[in-house]
Amino acid sequence: METAPEIDFQDMEPSDAVRDQIAHKIARLEDHYGRMTACRVILKGPGGRHRTGGQYDINIHLVLPDKREVSVGRTPTQDERFQNLDFALNDAFKRARRQLQDEVGRIRGEVKHHAPEPVAVVKTLIREEGYGYLESGDGREIYFHENCVSDPGFDSLRVGERVNFVESDDGRQGPQASRVKPLRENAPE
């Protein structure tokens with residue numbers, strides 16, 4: 001780290017033991033992710049704050065190369081576990097680790113790209129029994145049940161309407177969709 005970490009105690013007495021605990025947690029972050037240029041940790045002791053009551057509030061701000069930053073704040077308002085300093089510190093540093101891991105992934109270009117959901121056309125509707133069939137782009141027939149249709153729901157579907165779908169494992173009816181989402185902007189008139 002280019003600059004020494006800053007540890008600020010607010011509404012509580014500074015403690016060398018807590019300072020050492022925080023320094024150890026910062027060192028572990030650096031071991032795993034490295035290249036942090038600055039770090040500031042603010043510990044707010046339990047006080048007469050209206051929303052958090054007797055809870056510790058931990059804020060962590062990490063500065064990375066290329067002006068990238070990771071900031072961790074927020075303490076759940078109704079969670080009595082945050083009345084314990086060790087729990088509050090562990091929670092804050094876990095959140096910092098997750099955010100830092102995500103940011104390092106973006107720096108390295110390891111961003112996960114999600115494939116778009118496939119599009120199908122409603123081929124058949126058996127309304128009285130609550131199911132239907134889709135025709136996928138590759139010509140397969142895919143069964144779906146009324147319970148897997150997103151808003152506005154099964155009753156609003158029309159034959160010929162385009163939908164996104166998520167295919168699950170084959171069921172008794174063969175290929176089956178676990179979720180069907182109408183593409184309303186492309187619905188037939």
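Buried means under 20% relative accessible area, exposed over 50%, and partly exposed in between (1.4 Å probe, protein chains only). By that rule 37% of the 189 residues of the protein count as buried. This is a predicted model, in which local features need pLDDT of at least 70 and side-chain atom pairs count only at pLDDT 80 or more, while totals for chains, interfaces and linings use all residues. Residues are numbered from 1 along each chain as its sequence is written, and side-chain values use heavy atoms, with hydrogens and water left out.

View 1. Helices (H or I, at least four residues) and strands (E, at least two) are DSSP runs, numbered from the N terminus. Along the sequence the pattern reads β-α-β-β-β-α-β-β-β-β-β.

**View 2. Four strands form an open sheet in the order β1-β2-β3-β4, with mixed pairing.** Its edge strands, β1 (6–10) and β4 (68–72), each pair on one side only. Two strands pair if DSSP finds at least two bridges between them. Strands β3 (residues 57–64) and β4 run antiparallel and are joined by five bridges. Within this pair, Leu62 stands opposite Val70 of β4. Helix α2 (residues 85–107) packs on the sheet and touches β2, β3 and β4; contact means heavy atoms within 4.5 Å.

**View 3. Lys25 is buried yet has no salt bridge.** A salt bridge is a side-chain nitrogen of Lys or Arg within 4 Å of a carboxyl oxygen of Asp or Glu. For Lys25, the nearest side chain of opposite charge is Asp86, 7.3 Å away. Lys and Arg count as positive and Asp and Glu as negative; His and the chain ends are not counted. Lys25 sits in helix α1 (residues 16–33). Leaving aside residues up to four places away in sequence, Lys25 touches Leu89, Asn90 and Phe93.

**View 4. Arg179 and Glu117 meet in a salt bridge (2.2 Å, N to O).** Arg179 belongs to strand β9 (residues 174–182) and Glu117 to the loop between α2 and β5 (119–126), so the pair ties together parts 62 residues apart in sequence. Arg179 is partly exposed at 31% relative accessible area, and Glu117 is partly exposed at 30%.

**View 5. Arg140 forms a salt bridge with Glu167, the closest N and O atoms being 2.7 Å apart.** Arg140 lies in the loop between β6 (131–136) and β7, and Glu167 in strand β8 (residues 162–171), so parts 27 residues apart in sequence are tied together.

How values were computed:
Axes are lines fitted to C-alpha atoms, for helices over the stretch in contact, and angles run from 0 to 180 degrees between N-to-C directions.
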